[in-house]
Amino acid sequence: EKPVENHVFEADVARLLHLMVHSVYSDKDVFLRELISNAADACEKLRYEAISAPELLSDDPAPRITLTVDADSNTLVLEDNGIGMSRDDMVEALGTIARSGTRAFMERVEAAKAGDGTQLIGQFGVGFYSAFMVADKVDVISRRAGSGHAWLWSSDGKGSYTVSEADLAQAPARGTRITLHLMDDAKSYTSKWSVQKIVKDQSGHVPVPIDLIEKPGAEAERIGDGTALWTKSRSDITKEEYADFYRGVSGQYDEPALTVHFRAEGRHEYTGLAFVPESKPLDMFDPSAKGRMKLYVKRVFITDDAELLPRYLRFVRGLVDTSDLPLNVSREMIQESPILAAIRKGLTNRVLTAIEKLADSDKDAFAKLWEAFGAVLKEGIYDDFERRSQLIALSRFRTTTSDEATRSLADYVKDMKDAQAAIYYLTGDNLDRLKASPQLEGFRARGIEVLLLTDSVDSFWVTAAPDFEGKPFKSITQGAADLTQVPKADGEAPAAPETTEAVTDFIAFAKTTLGDAVSDVRASDRLTESAVCLVAPEQGYDRQLEKLLQGSGR
Ligand code: ADP
Ligand code: MG
């Protein structure tokens, strides 16, 4: 008699499961994609471990995922011969929220209190737990490759689960079998035809073959051939196939905004398949989020931890497959490898070039991409010295003449006033407040465009940015504004600010009254309506940066 351990789910998991169980989200099919992608991951992990421990494959080396539908018992069973899970793996993986995307999802649901979050399930998928959208009981029986023990995890998704040792005779020889006891309204998942259709639509391109069995004992039928999509040539792949593959590899549920598929030949040989998502991944600003580019060597999955792209491209999803690295390369060695450095450089160039092309060829699509990822891309202006100018040229801005972030610096410079010497900007965290700033008055009066920068990264890159086409960046809250050279829009000739006796007297009065609180009081040509404004000194920090640094310094 095997003892049964009772476990209560972590609070977060319990809340997530409550959402799943009560989900009214209509596209429940997505649970299959999640479970199949886990099974494929498990097969790939085994393939990787078997490079150094081939005995793990024993007499069953070919990876396989098998689905069995059974209308009589109202069950759907998914089995893989992948790496499997030990008891501890199970408690860790199926009892907590491990992946940052799911954690971010929960935070989003909390924040959106009003709704029930089920639309978000559709947008992002929540991994294993999505099984509870269609099943009122889930049994997972698993045997870790090489282990002499198998374990059974079982839950009705209502707050607790059990774990017990399983009979080896009942368990797969290696890998994981998941039995979904389907809810009454999920009976359609016992139909061979509907399951086949869903798998073909959603998971036709996972790199592991998929078999379907109509009822226990019946013959298996291959419904996914396991050919890796990226090994095909571009002209043989449809847009839908790319989109399906993107959803599988990214765990996102939108469309790719940009697909970059190429084969690099010459000094290094590799294939890259990279996607820019349509919408922001949930974990974009989660510092613990892993990169989402996978590294393969000769079609064997190695790691999704290799830094295949710089941080400012962390929203890009996809993979690189190379024949230049040895199969038994350790994950630690990878980061040091000069081959990987060359691949990272090549891939970064390809992705940036594709984004630049989009900027030229489809302004609307690029505007959307910029809206979603501009704030991240701009990090590259101070992170990536080599591509700094390229990224500055790619950047788009809201300005005093444009409400949308559509102005490039090339546009700005083209429209500069004759005597204007600098590219002016104003930083802050709120666009409306920026637009109302008295600092802008003198610039408006002269028709001088000012960049309105509201991302917190802006305060940093402007200090690191070199000139653009010979024009330096200048904060309008900093130092003298130098507007005397530019005539006002109403044709008034440029003139030094008036220094009548009254002004001189007032300045003297202000200086004595304010004392140490200010370093200087000056007459200025930057105001037309307001009487006074604060500016930062010429040398040192701009006001917004000073605020940000004070905020983080505490
Ligand atoms: P993710 O796939 O993003 O890690 P999931 O919720 O889909 O998140 O799965 C959680 C974890 O459960 C996986 O990371 C893995 O460790 C484990 N797991 C799930 N399914 C399997 C399986 N078929 N074989 C082995 N491990 C699995
Ligand atoms: Mg998963």
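1. The buried residues of H9 pack against strands E10, E11 and E14 (317-322), and against helices H8 (331-336), H10 and H12. Those buried residues are Leu340, Ile343, Leu347, Thr348, Val351, Leu352 and Ile355. Here, buried means that 20 or more other C-beta atoms lie within 10 Å of a residue's own, exposed means 12 or fewer, and partly exposed is in between, with C-beta atoms placed from the backbone. Helices (H or I, at least four residues) and strands (E, at least two) are DSSP runs, numbered from the N terminus. The expected span of a helix is 1.5 Å times one less than its number of residues. The 24 residues of H9 should therefore span 34 Å, in agreement with end C-alpha atoms that are 34 Å apart.

2. A word on the model itself: it is predicted, so local features need pLDDT of at least 70 and side-chain atom pairs count only at pLDDT 80 or more, while totals for chains, interfaces and linings use all residues. Residues are numbered from 1 along each chain as its sequence is written, and chains are lettered from A and ligands numbered from 1 in the order in which they are written.

3. Next, the nonpolar cores. Such a core is a set of buried Ala, Val, Leu, Ile, Met, Phe, Trp, Tyr and Cys residues joined through C-beta atoms within 7 Å. The largest has 63 residues, and Val316, Val320, Val351, Tyr425 and Val450 touch the most other members. Apart from it lies another core, of 58 residues, including Ala40, Ala131, Val134 and Ala150.

4. What does valine 351 touch? Leaving out residues up to four places away in sequence, its contacts are Val260, Ala274, Leu309, Leu313 and Val316. A contact means that the C-beta atoms of two residues, placed from the backbone, lie within 7 Å.

5. Helix H10 (residues 363-377) is worth a look. Its end C-alpha atoms are only 17 Å apart, short of the 21 Å that a straight helix of 15 residues would reach at 1.5 Å a residue. H10 bends by about 55° at glutamate 371, where the bend is the angle between axes fitted to the seven residues ending there and the seven starting there. Phe366, Leu369, Trp370, Phe373 and Leu377 are the buried residues of H10. Among the elements covering them are H9, strand E10 (256-264) and strand E11 (270-277).

6. Now to ligand 1, which is surrounded by 16 residues, the closest being Asn38, Ala42, Ala93, Gly127 and Phe128. A residue is near a molecule if its C-beta atom, placed from the backbone, lies within 6 Å of it. Helices H2 (30-52) and H3 (87-95) each supply at least two residues of this shell, and H2 gives the most, with four.

7. Alanine 306 sits between strand E13 (300-303) and E14, and counts as buried because it has 21 C-beta neighbours inside 10 Å. Alanine 306 touches Leu295, Ile334, Gln335 and Leu340, not counting residues up to four places away in sequence. Lysine 298, in the loop between strand E12 (293-297) and E13, has a positive phi of about 45° although it is not a glycine. With 12 C-beta neighbours inside 10 Å, lysine 298 counts as exposed.
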